Amino acid sequence: MLWVALHFPHLPQGTLEAIAAWTCRFTPRVSLEPPQALLAEIEGSLRLFGGLEALKRNLRSGLDEMGVSAQLATAATPRAALWLSCASCRRIEDVPLEAACAEEQARSFLKSIGAATVGELMRLPRAGLAQRCGERLLDDLDRALGRVPEARLFFEPPPRFEARLELPAPVAHAEALAFAARRLLLQLEGLLAARQAGVRAFTLGLIDAHAESRIEVHLASPARDADRMVRLLQEKLTNAALERPVEAIRVAAGNFVPLEERTGGMFGDQAAETEDWAELLERLRARLGHDAVCGLATHPDHRPEHAWRRVEPGEWDPHEYRLPGPRPLWLLEARKINEGEFTPLAGPERIESGWWDGDEARRDYFVARLHDGALGWIYREGDQWFLHGLFA
């Protein structure tokens, strides 16, 4: 086996589990070593990521994007990898005893006899060492050297995400929060990748000294791409006004839905085109408001002004609706027209409907040639004529 250890010298409290969830995108075998380290068994992932060096570059790149610094080390056993990362050493023999021995009394004794590294510890007689320092030190040494197996409890990615980030200074402009939020959204992306899931929404909490306000961000389709979520969040923040400077932010997401990776098509990719449309839709809604962007569908009503309904974009009505007669492409708000301004060509079509909802209509519709040559849809109601639409 091959293990990689990540030691975080300066890790904010409560961040280790979020980074472990992100690390699960590289391998499902991740183990926590609180408070500042984690381990991952990566031998089964080397081929997927193009080898050890490529995988380590991916790890470092992702940690840099999240603003987290870590010391990486690899070894054949988890204990050896952990010692190497904590001490920033390349060889197990060079690891100082401060990183390998947890008991202060044992360290003091070893220091008194001139043993300062694991290499010097390995040269001491085992029987005397066990008598002086206890069996625990020898057990840890045997685990590091692979002489005895070491059982590890592996981390299980949680079913929801929540992470907090303290800002280095209060932020007074909402647009500037997107950069900080990206660090948390990268952690969310890693968790979703590990669970092969996506989200339809997430929440950004803006925390100041007095209260916490929230911004809800909705996606048009399940996603886990951090860049997509950041772009959408930027649209939301553009229209946001902060009452007070923000001192910390929080990102939360739940209700994960299954989301598998898709392979692009060689001759066009309908799935990718659909996803591009979904991204455009969610960005328009983020900028203009949710209700400002909608789809239109036919509705079985003889009155033209009631023969349509608002639907979610992409929604369709499985019930076939046949128009009772010719209908114009462009429906206008009805306006009066004089009798000499048109020449009837076809009709009448009698529409008498709506007595049950208080908007009763009794009209005779005609297709007519207007004085400017356009083909119009007109109707007579009582003694008045009205223009109601134009044909293409």
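Leu-32 has its bridge partner in β3, and that partner is Leu-38. The two strands, β2 and β3, pair in the antiparallel sense over 4 bridges; strands count as paired if DSSP finds at least two bridges between them. Strands here are DSSP runs of E with at least two residues, helices are runs of H or I with at least four, and both are numbered from the N terminus.

Before I go on, the sources. This is a predicted model, in which local features need pLDDT of at least 70 and side-chain atom pairs count only at pLDDT 80 or more, while totals for chains, interfaces and linings use all residues. Residues are numbered from 1 along each chain as its sequence is written, and side-chain values use heavy atoms, with hydrogens and water left out.

Back to the hairpin. β2 and β3 form it with 3 residues between them. Pro-35 lies in that loop, between β2 (30-33) and β3 (37-41). The peptide bond joining Pro-34 and Pro-35 is cis, with omega at about 5 degrees. Most peptide bonds are trans, and most residues other than glycine have a negative phi.

Ser-88 has a phi near 55 degrees, a positive value in a residue other than glycine. Ser-88 sits in the loop between α4 (78-87) and α5 (97-100). Asn-255, also not a glycine, has a positive phi of about 55 degrees, and lies in the loop between β8 (246-253) and β9 (257-258). Are these residues buried or exposed? Ser-88 is exposed, with a relative accessible area of 52%, and Asn-255 counts as exposed at 71%. The cut-offs are under 20% relative accessible area for buried, over 50% for exposed, and partly exposed in between, with a 1.4 Å probe and protein chains only.

β1 and β4 run antiparallel and are joined by 5 bridges; among the residues involved, His-7 has Gln-71 in β4 as its bridge partner.

Contact means heavy atoms within 4.5 Å. Axes are lines fitted to C-alpha atoms, for helices over the stretch in contact, and angles run from 0 to 180 degrees between N-to-C directions.

Ser-85 counts as buried, at 1% relative accessibility. Not counting residues up to four places away in sequence, Ser-85 touches Ala-5, His-7, Gln-71, Leu-72 and Ala-73.

Next, a helix pair. α10 (residues 177-195) and α11 (residues 226-238) pack at an angle of about 145 degrees, with their axes 9 Å apart. The residues of this contact divide into 11 nonpolar, 1 polar and 3 charged. In that scheme Ala, Val, Leu, Ile, Met, Phe, Trp, Tyr, Cys and Pro are nonpolar, Asp, Glu, Lys and Arg are charged, and the others, Gly among them, are polar. From α10 the contact includes Leu-185 and Glu-189, and from α11 it includes Val-230 and Leu-233.

Last, the aromatic rings. Rings of Phe, Tyr and Trp (its six-membered ring) pair if their centres lie within 6.5 Å; planes under 30 degrees apart are stacked, over 60 edge-to-face, and the rest tilted. The count comes to 8 aromatic pairs. One of them, Trp-3 with Phe-154, is stacked, at 6.3 Å centre to centre and 5 degrees between the planes. Trp-3 is in strand β1 (residues 3-7) and Phe-154 in the loop between α9 (135-145) and β5 (161-171), 151 residues apart. Trp-3 counts as buried at 4% relative accessibility, whereas Phe-154 counts as partly exposed at 31%.

Tyr-365 and Trp-377 have ring centres 4.1 Å apart and planes at 25 degrees, so this pair is stacked too. Tyr-365 is in β14 (residues 361-370) and Trp-377 in β15 (residues 375-381). Both Tyr-365 and Trp-377 are buried. Together with Tyr-379 and Phe-386 they form one aromatic cluster.
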